[in-house]
Amino acid sequence: MFIDQVEIYVKAGNGGHGAVAFRREKYVPAGGPAGGDGGKGGDVIFKVDPGIRTLMDFRYKKKHVAQNGENGGNKKMSGKKGEDLIVKVPPGTIVRDKETGKIIADLTKPFEKKIIARGGKGGRGNQHFATSTRQAPRFSEGGLPGEERRLILELKLLADVGLLGFPNVGKSTLLAAVTKAKPKIADYHFTTLIPNLGVVEWKDGNSFVMADIPGLIEGAHKGAGLGHQFLRHIERTKLLIHVLDVSGIEGRNPVEDFKIINQELVNYNEKLSKRKQIVALNKIDLVLKEEQIHVTKNKLEEMGYEVYLISAATRKGIEPLIDRVIELLEEIGEVPSIFEEEEIIEDIYTLEEDKKMIVRKKNNQYIVEGSDLEKLINSVNFEDLDSIRYFQRMLRNKGIIDELEKKGIQDGDIVKILDIEFEYYK
């Protein structure tokens, strides 16, 4: 089954908590704090695997969680780092953040890697909190939670040449004629239900990848027919071959078909509509009046397109068509990305950094929310006075106290941070 779009959940490992420990050894007076640091949580890393062709595996496994870091130990021993989770994806995978809609990775190169969710930093042990006036701190720092995201994965096939055209114009037959691909071929519409790829191995060792996209119809960019599901697969192509049925056996006008499909490209993505395009007038072996071929060819050439006459079924005219495709691919070289530069986030972690701490009032309670709060709460030993003082100082340093006062908090009002509630006194 061909799967080219899925939604998944990823979570990096949590950082381990720092330890509260003291050095107690015979003949070592005043050993002092010796709590070790927590280990960093594992990252979630996407890696391109050239052997994978669809997103099928993600249909059955939608949750991907990396290993947590271990907590710190005594004798200043740090916890073990969590193992990174390597998630393999096919070439051409686009990773989009579901919440923002932004593209956070465009994975095209073989074995390319990208960190998608970063593991939480391990918390510091109590050895780091000793000062000249606080020589035996009974608190440590909690580890940061790993980043978590809901992602939309989209597969956009990596093909050099894409075949465009209405259903039943002979695209699959052309693909089968020039490659070893074996697409389903029959004399009815929408024979092709999934995109097909094939490698064209031509003269002098020249080769390229060709994609047959399921037939488009008018209104495809709005969801009509099947083509709207697969238009994304021609976004990376360098050259488009527009296949038209010149025989007229279905009562269609090939020039009108050509205009309709190109308007669908414009409506879908204007950049895509500007890709280099040549025309293959197919089924010339079924034309009864040869004048019909030349009239159509002249009209398309007047519109500025190169036109080739072929019969994919009998292989007539295919050689000059593919010869020209080889020449054009060399001339075109690399094509610019279909995406706007601002669409791709260079540093995906700015998504998290934008989520600052906020204070809101609800039912006579002041609720504090933010991404760093779990680390702050995990750092506090509420049975230790020094730890509580550290907690109060951090609240002020992060601007939370100022925000509470701006909201009009009074002595005795309830403040809630995660699952912790306490009364405010200035």
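Reader: In strand 13, which residue is the bridge partner of Leu-239?

Author: The model is predicted, with local features needing pLDDT of at least 70, side-chain atom pairs counting only at pLDDT 80 or more, and totals for chains, interfaces and linings using all residues. Residues are numbered from 1 along each chain as its sequence is written, and side-chain values use heavy atoms, leaving out hydrogens and water. Strand 12 and strand 13 run parallel and are joined by 7 bridges; strands are DSSP runs of E with at least two residues, helices are runs of H or I with at least four, both numbered from the N terminus, and two strands pair if DSSP finds at least two bridges between them. In strand 13, the partner of Leu-239 is Lys-276.

Reader: Which residue in strand 14 is the bridge partner of Val-279?

Author: Strand 13 also pairs with strand 14 (residues 307-309), in the parallel sense and over 3 bridges. In strand 14, Val-279 has as its bridge partner Val-307.

Reader: How many of the 7 residues of strand 13 are buried?

Author: Buried means under 20% relative accessible area, exposed means over 50%, and partly exposed lies in between, with a 1.4 Å probe and protein chains only. Strand 13 is largely enclosed by the rest of the structure, because the buried residues among its 7 number 6.

Reader: What is the order of the open sheet of 3 strands?

Author: The sheet has mixed pairing. Strand 4 (85-89) and strand 7 each have a single partner strand, so they stand at the edges and one side of each is left without a neighbour in the sheet. Strand 2 (residues 44-48) runs parallel to strand 4, joined by 5 bridges. The order is 4-2-7.

Reader: Why is the pair of Phe-129 and Phe-139 tilted?

Author: Rings of Phe, Tyr and Trp (its six-membered ring) pair if their centres lie within 6.5 Å; planes under 30 degrees apart count as stacked, over 60 as edge-to-face and the rest as tilted. Phe-129 and Phe-139 are both buried, and their ring centres are 5.0 Å apart. The pair is tilted because the planes stand at 45 degrees.

Reader: How many residues apart in sequence are the parts that Phe-391 and Phe-422 tie together?

Author: The rings of Phe-391 and Phe-422 have centres 6.0 Å apart and planes at 80 degrees, so this pair is edge-to-face. Phe-391 counts as buried at 4% relative accessibility, whereas Phe-422 is partly exposed at 23%. Phe-391 lies in helix 10 (residues 385-397) and Phe-422 in strand 18 (residues 420-423), so the sequence separation of the parts is 31 residues.

Reader: Is Pro-336 buried or exposed?

Author: Pro-336 is in the loop between helix 7 (318-332) and helix 8 (350-353). With a relative accessibility of 60%, Pro-336 counts as exposed.
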